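Please walk me through this structure in plain terms. Begin with the chain as a whole, then turn to single elements and residues.

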Amino acid sequence: MNNSRMPTVNLPYLGIRFQIRYHKCNLTCPYCIAHWKENENHFDLGRFTAIIDKIKELPYRVCLRIGIGGEIFTSREIPAAIRSICNEENNIFGVSFSSNLNADWDKVIAPFIGSVDTSRLGMGCTLHDTVIDDIDGFFEKVKRLKDSGVLLYVGYVALPGRIEFLKKYKRRCDDIGVPMLLNQLEGKLIGVESADLDLHYPRDYTLREIKELRELWGTPHSYKILLESCRTRGMACSAGKNYIYMGFDGQVRPCGPIQSSLGNILTDEISFQENDTICPMERCPCGNENQALRIVDKHYDRTRTLRIYYPKKDISAKLLYKGYNPSVYDRGSPMPLIQKALSLFRRCKSSTP
């Protein structure tokens, strides 16, 4: 395979989250944050290809994250398009996506990996241990992908009540040599043991859960933003300047929560901001978005996979937790404990004959 590439090293960096709205999955997770069953499938190969062609014309060194609301390996078209991105000479130095790895290795995943330049490929391997049976098989696929040269991580939703499982998964990731990146649970916990519909997350993580999860979280940055839910309002961000959010129809915004448009890449010349954005949001709950905050550039070195970044050399571990605003939640108050006590009382009362 020809690995010669166009000279892009001197181009400015641009992170792109391209949300394509492919809503088809081979799992049915009760806590699914993508809500794929509730959304129409808007994927159009012609439009997707046209948008990718426009991205290739941008005068930037692009790190591309393809976001979907389902499972990418239920499609033949999307992996084929990603293969073309990786194997052609262009300005996209890294392209990544997420997969639950539930597809057949020999028939689906291995043929794709064997046909693609993995030096430009990244993956988030999302572990859904409450709905799959073969946990060992999942980690075996992770190891094979790592050995093939894919820059990948294992992703997991930090479900309350499953922290002991999470500790085991973290050890397995460490043994393989891949990072484990966590997402906070957003909303109510449904369909999992220890579920309590009176609780709302991440607000109602207990102080003990937060303490335990801090030792397992992928990076201090992600921990501060996602689990502690620090107030992002007022923080400097590269959104609109060196990071953009692109919708399935080509509409470009600084990031997902910010609704102001920078134009449509299919019809307009995108005018990037000259200055950083000062975040207007109270919270930035998506791991693909909060990595655009400038504090990441201060503390970490980025990679070709948008969600993977490593602490800079010789930086103090304590410093990685500095420079963040307080949490939007007052977790020091007794309110979550009161809510749980009331919930327990109601359950006991309903079970009394």
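What share of the contacts in the chain with a separation of 6 or more comes from residues 24 or more positions apart? Such residues account for 75% of them, where contact means heavy atoms within 4.5 Å. This is a predicted model, in which local features need pLDDT of at least 70 and side-chain atom pairs count only at pLDDT 80 or more, while totals for chains, interfaces and linings use all residues. Residues are numbered from 1 along each chain as its sequence is written, and side-chain values use heavy atoms, with hydrogens and water left out.

The chain has ten helices and 13 strands; these are DSSP runs numbered from the N terminus, with helices being H or I of at least four residues and strands E of at least two. Of the 353 residues in the chain, 51% are buried. Buried means under 20% relative accessible area, exposed over 50%, and partly exposed in between, with a 1.4 Å probe and protein chains only.

In soluble globular proteins, nonpolar side chains tend to be buried together. Here the largest nonpolar core has 95 residues. A nonpolar core is a set of buried Ala, Val, Leu, Ile, Met, Phe, Trp, Tyr and Cys residues joined through side-chain atoms within 4.5 Å. Among the residues with the most contacts inside this core are Ile 82 and Leu 145. Leaving aside residues up to four places away in sequence, Leu 145 touches Leu 101, Trp 105, Ile 109, Ile 113, Met 123, Cys 125, Val 150 and Leu 152.

Ile 82 also belongs to the buried residues of helix H2 (residues 77-87), together with Ile 78, Pro 79, Ala 81, Ile 85 and Cys 86. They lie on the same side of H2 because they cover an arc of only 160 degrees around the axis, taken from the directions from the helix axis to the C-beta atoms. An α-helix has 3.6 residues a turn, so residues three or four places apart point the same way. The buried residues of H2 pack against helix H1 (45-56), strand S2 (61-67), strand S3 (92-99), helix H3 (105-114) and strand S4 (121-126).

Within H2, Ile 78 has a relative accessible area of 0%. Not counting residues up to four places away in sequence, Ile 78 touches Ile 20, Tyr 22, Phe 43 and Ile 72.
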